[in-house]
Amino acid sequence: MSTRTVEMALATPGLDERGRPSRLPLSIGQPGDDDMGAEHMLVNIGPQHPATHGVLRLVLELEGETVKRCIPHIGYLHSGFEKLGEYRHYNQIVPLTDRTDYLSPMANNVCLALAAEKLMGIEITERCQVLRVIACEMSRIISHLVWLGTTGIDLGAFTPFLWSFYQRERIYNLQEAWTGARLTTSLTRIGGMMADVPDGWEAGLRDFTATFTRTLDEVDTMFTRNSIWCGRTQGVGVLTAEEAINFSLSGPMLRASGVDYDVRKDRPYLGYETYDFDVPVGEHGDIYDRYRVRLEEMYQSNRILEQALDRLARLKGAPLNTDDHRVILPPKGRAMSDMEAMIHHFKQVMEGIPAPAGEAYLGVENPKGELGYYFVADGTAKPVRWRIRPPSFINLACLPKLCEGALLSDVIAINASVDIVMGEIDR
Amino acid sequence: MTAVAPALSPSVDALRAAFGSAVLRAAVSCGDSIVWVAADRAHEILAWLKNTPGQTFNYLTDVTAVDYRDPDRPLEVSYQLRSLSRKADLRVKIPLDKAQPLAVDSVVDLWRGADWLEREVFDMFGVTFTGHPDLRRILMWDTYAEGHPLRKDFPLRGNFTRAEQTRQALAANPEAHYSMEELSIADAFNELPEDMKRRLLDGQRGELR
Amino acid sequence: MGLTLPPDGEVTEVPAVSPNWLTTRLDFLVNWGRANSLWPMPFGTACCAIEFMATAAGRFDISRFGMERMSFSPRQADVLICAGRLPFKLAPIIRRVWDQMPQPKWAISMGACASTGGIFDTYAMVQGIDTIIPVDVYVPGCPPRPEGLMYGIMLLQKKIKGETMADPSLRQELLVNEQGFFVPPEKIDEISEPFGNSVHQTRSA
Ligand code: SF4
């Protein structure tokens with residue numbers, strides 16, 4: 001048997017004393033093939049490795065430099081979000097959502113509020129919708145910017161990282177002015193928002209939308225026709241449309257494979273059907289197309305932001321929160337001076353908002369793909385089950401398929417192209 | 001609040017016509033159509049929903065499970081299906097009596113995307129998916145001994161003391177368990193298809209395709 | 001896992017030097033060098049790692065502290081920055097990374113989760129990485145702002161500048177006990193008790 005494995009302490013095949021199959025060598029060569037080329041090697045990447053974008057562990061079985069098998073191991077960041085959510089009121093779950101996909105916290109907040117509102121049957125105001133659209137699209141931009149920067153580093157280009165983080169800082173400033181936090185925004189509440197945008201904030205965002213695409217143009221100049229970039233990405237990690245659907249992929253991963261599916265277009269929420277934007281769709285399903293799709297999505301998000309800003313100007317002074325007193329706290333001034341309002345405030349904060357027994361699933365188009373929150377309620381103020389449909393978890397599941405037959409160095413590029421965030425994969 | 005009462009998905013009637021009593025009941029909640037089906041025919045029903053023209057639920061959005069606070073209520077495994085072309089959704093739920101062993105047929109052969117999702121349900125709820133090629137814990141480590149975290153009888157902070165949890169965690173070997181043969185989870189092993197058991201036992205490598 | 005004391009008799013006692021002009025000058029030089037060229041091993045796991053990246057990027061520019069040379073190999077690193085939550089599944093890994101780092105080494109725990117478990121008082125999370133490895137500086141915040149992390153780094157530099165070869169106890173390596181703990185198990189239970197908000201969460205609905 002010529003195959004060598006790196007793993008130590010292998011047991012002989014068979015059952016151990018507890019009746020489980022004892023561990024076996026990873027690869028077992030065919031009897032008789034003892035040429036050098038058949039030697040397999042085991043390479044372990046992660047869980048603490050700069051190119052795995054978090055604490056992902058990949059075990060690769062190599063034949064020469066070709067990947068025979070890739071086994072991802074996840075769960076190194078499992079923090080028990082879903083369990084914790086069962087012990088919290090609906091509004092208290094909002095801060096948890098910041099920390100699942102921490103590259104796009106505001107979009108997660110919006111999804112949670114929408115799912116809880118669907119469960120409770122609450123309509124939100126138009127101004128709130130517009131502000132939520134702004135939050136979602138800003139998140140899409142910062143999330144794709146991180147992807148661009150880190151993928152650039154993985155493929156040997158450091159400059160886009162500095163560019164994209166500079167632009168991220170500009171959005172962080174806006175986020176901070178709006179919510180008080182750079183990263184953990186906790187922006188939404190059921191039936192409305194935590195706060196309205198401060199005075200002059202729109203001008204800041206307008207300034208951003210007007211100048212931000214220059215960075216994208218620069219990245220475009222640097223990458224799109226760069227022969228190194230094309231060589232590393234074109235035809236690598238290919239997935240066909242049928243496979244992509246069969247793997248339940250979503251977001252840019254699905255669209256790069258040529259499936260024209262975007263939750264914002266196909267089951268619109270927040271009035272997305274009234275905005276004018278295009279959904280980029282790839283045709284080859286390789287890394288290059290995923291890059292093109294994400295780059296174009298940032299341009300489109302910018303377009304949506306500009307339209308939303310126009311609407312926001314029109315809706316100046318319109319109410320932000322719904323007037324449903326079941327879910328909305330009385331204004332602080334009244335709570336401080338009026339007994340009833342104070343009791344109302346106290347009860348709502350301490351007892352939470354009961355949701356009618358039932359269940360609701362709501363999916364939104366997050367930067368990574370379709371993020372879905374699934375609530376099961378039993379009439380109390382805490383959900384029986386809060387399920388996150390994690391887009392990067394489902395997208396990552398096709399990694400073994402993508403890596404099969406690729407070169408070792410391509411694995412890094414393929415893994416980067418999936419655009420994962422471990423906080424959401426492991427939850 | 002919308003006044004229009006949302007209608008049950010037409011797929012439910014088609015299901016009733018085709019499978020009769022295997023369709024236990026159906027309901028609409030917050031606009032989502034839900035249909036409860038019997039565990040022993042679930043795989044058949046899901047395959048029918050995927051492959052029948054006019055249904056074409058070709059996209060598996062999510063697989064999850066719900067353990068209710070009421071201990072007598074069955075645990076439910078739920079499949080969230082979608083038809084991309086028809087833009088329709090359907091949630092198929094399989095109630096499992098908690099007094100019996102929790103087991104349903106795996107749908108990995110229909111949707112490859114179910115692979116990790118079912119492993120997660122197995123990890124978090126202890127539901128066995130018969131016929132799954134690689135059923136083992138995914139989020140917790142293989143030797144995790146405290147149970148299935150999302151069950152309602154599992155306390156938020158775990159079953160062991162923090163010191164014991166720390167000790168067990170530090171005793172885990174970060175390099176252990178490399179291949180699919182690491183799937184040495186006792187219950188999962190017994191659920192494996194006969195040929196895979198044989199291959200594992202005489203030391204052959206399993207196919208993961 | 002973890003380093004343990006060698007059996008009796010193999011430990012060589014190094015006699016302490018009393019401070020004099022020469023040693024203090026030397027101390028100054030060594031500490032100046034060490035404090036200003038810390039090579040961090042970024043153990044970034046979750047959201048805090050994003051703020052760590054922001055600290056490393058153009059605007060906050062960690063290279064002003066001589067730390068731009070991220071050492072992704074623990075063998076060439078001086079300071080382990082644990083940025084983010086640490087679940088139990090990751091505990092043996094951070095312990096191994098820590099064991100692989102050569103002396104002198106320091107650890108910064110960045111963020112509420114790394115320091116105390118933060119909002120995650122759940123079955124899966126280590127309640128503070130100081131139950132796993134010794135920590136020098138805790139940076140509070142969820143996530144700490146880049147300025148906060150920098151303040152933590154400056155505190156660490158201050159600590160390093162206070163070291164002297166006249167007092168080897170400052171530089172003694174903490175070793176694990178036979179159970180593999182740095183802190184006794186009772187202490188782990190005690191510091192992992194629920195507190196503040198985490199008690200309220202568990203109040204039944
Ligand atoms: S402290 Fe806050 S920001 Fe940092 S890892 Fe924990 S939850 Fe995330």
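On a 1 Å grid over the protein atoms alone, a cavity is a set of points where a 1.4 Å probe fits but cannot get out, and a molecule sits in a cavity if more than half of its atoms lie within 2 Å of its grid points. In this predicted model, local features need pLDDT of at least 70 and side-chain atom pairs count only at pLDDT 80 or more, whereas totals for chains, interfaces and linings use all residues. Residues are numbered from 1 along each chain as its sequence is written, and chains are lettered from A.

By these criteria, the ligand sits in the largest cavity. The ligand is surrounded by 13 residues, of which the closest are Cys47(C), Cys48(C), Ala112(C), Cys113(C) and Cys142(C), a residue being counted if one of its heavy atoms lies within 4 Å. Because the surrounding residues come from chains A and C, the site is shared between chains. At least two residues of the shell are supplied by each of helix H2 (47–56) and helix H4 (112–116) of chain C, helices being DSSP runs (H or I, at least four residues) and strands likewise (E, at least two), numbered from the N terminus.

Over all chains, the count comes to 51 salt bridges, each defined as a side-chain nitrogen of Lys or Arg within 4 Å of a carboxyl oxygen of Asp or Glu. One pair joins Lys368(A) to Asp101(A), with the closest N and O atoms 3.6 Å apart. This pair links distant parts of the chain, 267 residues apart, with Lys368(A) in the loop between strand E6 (358–366) and strand E7 (369–377) of chain A and Asp101(A) in the loop between helix H2 (90–98) and helix H3 (105–120) of chain A.

Methods: Side-chain values use heavy atoms; hydrogens and water are left out. On a 1 Å grid over the protein atoms alone, a cavity is a set of points where a 1.4 Å probe fits but cannot get out, and a pocket is an open set with protein on both sides within 12 Å along at least five of seven lines; lining residues have an atom within 4 Å of a point.
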